[in-house]
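Subject: Structure for your review

Dear colleague,

Please find the structure below, followed by a summary of what was found in it.

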Amino acid sequence: MSEASIFRDLGVEPIINASGPVTRLGGSLMPSDVLDAFLRAAGESVPMEALQGAASRILADATGAEAGLVTAGAAAGLTLGTAAILAQWDRGRMESLPRTDHFPNEFVVSRAHRNGYDHAVRAAGATLVDVGLDELGSGAGVRQTEAWEYEAAFGPKTAGVLYVVTEGVQPTLEEVAHVAHSRDLPVLVDAAAVLPPRRHLRDLIKQGADLVSFSGGKAIRGPQSTGILCGRKDLVGSAFVQMLDMDEHAQLWDPPAHLVDRALLSGPPRHGIGRSLKVSKEEIVALLTALRLFTTGAYDEEVAGYRTRLRRIHESLKGLSVSSRLVEPTDAERYPRLEIEIDHDRAGRDAFEICRALRSGFPPVYPGHWKLRSGILVIQLSCVREKDDSALIRRLEEVLR
Ligand SMILES: *Cc1c(COP(=O)(O)O)cnc(C)c1O
């Protein structure tokens, strides 16, 4: 790792990121085809409305939705999706966001789905109305939020439903979409954390989501600051006009007809709440290239390689005072991981101290930190170049010995 580094030139030491494509560590490593697309796009100019119009067709094809938009990340997609649901085609409402006190502005959400990213929903002007109980989570029972509890919270101020997908989440999206649609309310889905597998790109629309927000800079391996918002054409169209630059004469404004129905929107709104969430032409083209790689299985071989590489790391830890175990999902697309369990008494240090030591040596190693409180370091290889495996093993041996 003492090869040349553009970050070291700036006085910042590059790291071995064994956490996966997390935003805090710069996200995924873009494949060379994605970087080529980025460079080629940088050399030409293009009207952004036409480019997003073309992207919409490709995203619709990839997700089974009516339309799509390249966003500045899944969180940006949540803000835009919320703005679309709140304002629809009303230019007055678009202009007033995030002030929403004079029209329906409530999003009903299960308490168990609340998380730090819902700030992106509130940022558009929505008020979150929490429902349900997670008695499984609190250890007090077996029940979680149920669909009727959403229904019971619907009222004249309700604008939509926010739903966050995770593995085995309750109630199911189908159940929630069913109660929401019976009251003509749209469901906005945060799906940032459910790829791979790639079938999830299509599943959520099939299950009744009106808008779905994906991350482009995680498993898809597009630019870190990209995402995908897909779903109903009228809602994606509203998000589109609230995101793109609107500095155009009404007489000349010519947005793609498949996204903007000029019978519903007579002229351009002002710059919308999403104007600060812009994406560049290079990012759009790079994301579409990455999406093609992701959907055609171009990453599968590399994911299979993670298993072999992790087994090698696992073997190398055998002589040390830690126990480690390989977690290999049966689904071939999902990433395997190595969990290293720190026994405080044997190691003389807890997992936090070991994590700190790994981060501060050379090269710095950042293991996954989501199980640290249970004394477990996670090693995941999707952001580790194969040529860095030996340095990773050396650092693990050095710190865990
Ligand atoms: C990562 C993540 C986001 C944010 O995605 P970005 O593309 O970084 O904006 C939102 N929600 C969940 C559940 C996530 O895991």
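In which sense do strand 10 and strand 12 pair, and over how many bridges? Strand 10 (residues 337-341) pairs with strand 12 in the antiparallel sense, over four bridges. Strands are DSSP runs of E with at least two residues, helices are runs of H or I with at least four residues, and both are numbered from the N terminus. Two strands count as paired if DSSP finds at least two bridges between them.

This is a predicted model, in which local features need pLDDT of at least 70 and side-chain atom pairs count only at pLDDT 80 or more, while totals for chains, interfaces and linings use all residues. Residues are numbered from 1 along each chain as its sequence is written, and side-chain values use heavy atoms, with hydrogens and water left out.

Leu 338 has Ile 379 in strand 12 as its bridge partner.

Strand 5 and its partners

Strand 5 is mostly covered, with seven of its seven residues buried (buried means under 20% relative accessible area, exposed over 50% and partly exposed in between, with a 1.4 Å probe and protein chains only). Strand 3 (residues 106-110) runs parallel to strand 5 and is joined to it by three bridges; Val 108 has Val 161 in strand 5 as its bridge partner. Strand 5 also pairs with strand 6 (residues 187-190), in the parallel sense over four bridges. There, Val 164 has Asp 190 in strand 6 as its bridge partner. The chain passes from strand 5 through helix 7 to strand 6 in a right-handed β-α-β crossover, meaning that, with the strands pointing away from the viewer, the path from the first strand over the helix to the second runs clockwise.

Pockets and cavities

On a 1 Å grid over the protein atoms alone, a cavity is a set of points where a 1.4 Å probe fits but cannot get out; a pocket is an open set with protein on both sides within 12 Å along at least five of seven lines; lining residues have an atom within 4 Å of a point. Grid points are joined across faces, edges and corners, and a volume is the space filled by probe spheres set on the points.

The largest pocket has a volume of about 1,400 Å³. Its lining comprises 42 residues, and Ala 192, Ala 193, Val 194, Leu 195 and Pro 196 lie nearest its centre. Strand 5 (158-164), helix 7 (173-181) and helix 8 (200-206) each supply at least two lining residues, and helix 8 gives the most, with three.

There are two cavities of 30 Å³ or more. The largest cavity has a volume of about 80 Å³, and its lining includes Pro 196, Arg 198 and Tyr 335. The second largest cavity holds about 40 Å³, and among its lining residues are Leu 29, Tyr 335 and Cys 383.

Yours sincerely
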